[in-house]
Amino acid sequence: MLSPDLLVHTVVQLASAAEPAGLMPARQQMALSLGWHIILACFGVAFPAIIFVMHLRGIRRDDPVALELARRWAKVSAVLFAIGAVSGTVLSFEMGLLWPGLMGTYGDVLGLPFAFEGLAFFVEAIFLGIYLYGWGRMPPRQHVLMVLPMAVTGIIGAYCVVAVNAWMNVPTGFRLVDGEVTDVQPWTVLFNQHAFLQFAHMWVGAYMVVGFSIAGVYAVGMLRGRRDAHHRLGFIVPFVFASVAALTQPFVGHVLGFGLDERQPAKLAAFELAETTESPSPLRLGGVLVDGEVRGSIDIPVLGSLIAMNSPTAPVPGLDTIPEDERPPVNLTHLAFQTMVGIGTLLAAGVAWFWFQRRRGRDLLERRWFLRAAVAAGPLAAIALESGWVATEVGRQPWIVHGVMRTPEAVGDYTSALWWLLGISTVIYTAMTVGAVVVLRSMARRWRAGETDLPSPYAPPVEELQR
Amino acid sequence: MSLEVAVAAAMFVGVIAYTVLGGADFGSGFFDLTAGDSRRGAELRTLVDHSIGPVWEANHVWLIYVLVIWWTGFPESFAAAMSTLVLPLLLALLGIVLRGASFAFRKYSATLGQARLFGVTFAVSSILTPFFLGTVAGAIASGRVPLDGAGDRWSSWLNPTSLFGGVIAVGTCAFLAGVFLTADAERSHRQRLTEDLRTRTIVVGLATGAVVFAALVPVLRDAPVLGEGLTGRAAPLVVLSAIAGGATLLLLVRRRFRAARWPAVVAVASVVSGWGVAQYPWLLVDEVTIVDAAGASSTLWGLLVAVGLAVVVVVPPLAYLLRLTQSEAWTRR
């Protein structure tokens, strides 16, 4: 006979069997394209400000080293922004191609921030063109100011995009009446309460990724014995940006977490790997959930309550309080979250140590171990950023809009043929990555060899012509 | 004008701007591809690089502008078009990605081999993208995109209107690019290149005109709503486009290259406007009108605010950039 247990079991099975065939490939497709773009988006947000500081220094102090660095970075940004622009376009298309259920139903609710993001990107692209091609064609003092609009619009654009994501986590600005979306308030979405903190977290993260990555390039040079003013300056300016960001990030992240137990209890439970509600809750380092039991974690008593709930006793609501069909993939969420926090803590400690030693008159740039760590910091920051996005996105599942629309309702009507798209996309993104790396490395090589202008070789070299 | 139509008009301004500005960038790929071997084509490729380098990203944003207004202002129809036309849109997207990336990569290539690889990728994808976007326009204009999004994923864009739309888009882009490149070449005092581009642009213009003429009967039969509009309400725009196209050719023949840019822009802008006027009031022809497709009116007002802001903060710097690139000072290498 049908026992309630069996019935529930069967329904759950049916639900997963009824999962659209296109759902998994659509998810992976989005993860690939978003995960790839986000690194370049970081450069769009943070690089202009760093270039501006370097360029301004060059002009103010009449410093040829700084000017040359700014000039090279501008060329690097030309390559990065180009592939950032096209990979961002991919996302615009995919919003509709992969998630017509979301866009068709909520397009007019979530769309306005994207309109402003579009404006910001427009201004950024225009001034990028003016700045890049303005070298030597404009008065220097006027020319350097062309970076500023890019720096500002990068921030506005990031805010707008993150505002939409914040809305997906904490939907607002509309009412559902008999399944129909009514009373749409687009400005409430643009300025939703959660947007600012989430943006701050991403913004600071962008400075970490870009600052550490660029500093790392010059750390490599110093490790290879190139210890000139060029390398020291090229290291220190982005490293200052990254340091401020790395030291700020733990606080921003912590404040962002306030009230997560009420906003998205399932996400918090997954972050903390809280299978049951314990008072006080431990901090679980590592570990996975296997058959409903936590395995292999290191538990530090009370700390979980302190960090997540700001209280020595308040329990982290466990997964047992969440209906089974509303739980996210716990292990991935938990491990991604802790990867982010772990790396963030490590980077903050690292820069704190560097500046502390510097105050004491010790320059860690003389130490090879520090330079090696500085080289690793860029990729580590990128991993932390990706992990953070995995944690928040996977942690929101099964919802695409928390509590309102499930991801399977949003996905387009595709067969498993959609996996082909993922395969092709993987090839293209790999090729683009290889292309960017090859081109950027060749630029660096030619700069080291003393070239400055890097003319493109459309014709065979002259000597070949004469032969 | 109702609120809905105002937003649709603002969106359509984006379509026109993308066709003219983005189209000229895409069209340069045609000349790049047909420039000959690396020795013969070096001068032209350098010119292409120089002409579209500063502007292509800004021009590309018009596409984003259109997409965002579409999904925000008319969400259901956006989802429908995206679902039915997934194949040509993905192919256009592929072209957009490869075009942008390889254009940037080519500029900083270290070796001729790399420059060739990226150059061919850039040029071919520059031709494919407008083709597939043209098929998308054809699909919408011929009423093949149902509002429920369940249109046929092949025949919706493999039909006379779409295919002619694609070919005409490629031709139009190449013609525009040719006119601008010829003017750029003249401004940088490259005599031989100017003459070469002049001849080829005239050929492209004549060929595109011939295709448009050949397309008339099949398209009128295949897309009756569009046909009725083009021969009726939108007829003045079609005539204007023909006259402006003819004037462009005449100016090219007379070597008035700078002056030729203006009628070329008018010719393309008016033919695209003609399409919009012809299918009015439909957003998806035979399926849903602009008014019925519109989302929440509070959002439409928000969009108009955004568009107003764009006029204030985007248009002046954009005009500044375009003016810089068309100036003598920026033509110097």
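The model is predicted.

**Overall build of chain B**
- Chain B contains 15 helices and 2 strands.
- Its radius of gyration is 20 Å, close to the 20 Å given by the globule rule for 333 residues, so chain B is as compact as a globular protein of that length.
- Along the principal axes, the C-alpha atoms of chain B fill a box of roughly 55 × 40 × 35 Å.
- Of the 333 residues in chain B, 62% are buried.
- Among contacts in chain B with a separation of 6 or more, 79% are between residues 24 or more positions apart.

**Annotated spans**
- An unreviewed UniProt entry places the feature "transmembrane region" at residues 6–31, 78–105, 117–141, 161–181, 202–221, 233–253, 260–280 and 300–322 of chain B.
- One of these spans, residues 202–221 of chain B, is 100% helix and 0% strand, with its end C-alpha atoms 30 Å apart.

**Packing of helix 1 against helix 11 in chain B**
- Two packed helices are described by the angle between their axes and the distance between the axes.
- The axes of helix 1 (residues 3–33) and helix 11 (residues 257–279) of chain B come within 10 Å and cross at roughly 145°.
- The crossing of helix 1 and helix 11 of chain B is right-handed.
- Helix 1 of chain B contributes B:Phe12, B:Val15, B:Ile16, B:Thr19, B:Val20 and B:Gly23, which meet B:Val265, B:Val268, B:Ala269, B:Val272, B:Ser273 and B:Gly276 of helix 11 of chain B.
- By class, this contact between helix 1 and helix 11 of chain B comprises 8 nonpolar, 4 polar and no charged residues.

**Contact between chain A and chain B**
- The contact draws 59 residues from chain A and 65 residues from chain B.
- On the side of chain A that touches chain B, the elements giving two or more residues are helix 3 (64–98), helix 4 (100–134), helix 7 (186–190) and helix 16 (418–448) of chain A.
- Helix 4 of chain A supplies the largest share of that side, 23 residues.
- The residues on the side of chain A that touches chain B divide into 41 nonpolar, 13 polar and 5 charged.

Conventions:
Residues are numbered from 1 along each chain as its sequence is written. Chains are lettered from A and ligands numbered from 1 in the order in which they are written. This is a predicted model: local features need pLDDT of at least 70, side-chain atom pairs count only at pLDDT 80 or more; totals for chains, interfaces and linings use all residues. Axes are lines fitted to C-alpha atoms, for helices over the stretch in contact, and angles run from 0 to 180 degrees between N-to-C directions. Helices (H or I, at least four residues) and strands (E, at least two) are DSSP runs, numbered from the N terminus. A crossing is left-handed if the near helix is turned anticlockwise from the far one by less than a right angle, and right-handed if clockwise. Two residues are in contact if their C-beta atoms, placed from the backbone, lie within 7 Å. Ala, Val, Leu, Ile, Met, Phe, Trp, Tyr, Cys and Pro count as nonpolar, Asp, Glu, Lys and Arg as charged, and the others, Gly among them, as polar. The radius of gyration is taken over C-alpha atoms; the globule rule is 2.2 Å times the number of residues to the power 0.38. A residue is buried if 20 or more other C-beta atoms lie within 10 Å of its own, exposed if 12 or fewer, and partly exposed in between; C-beta atoms are placed from the backbone. UniProt positions are given in the numbering used here, feature names are shortened, and annotations may be inferred rather than shown by experiment.
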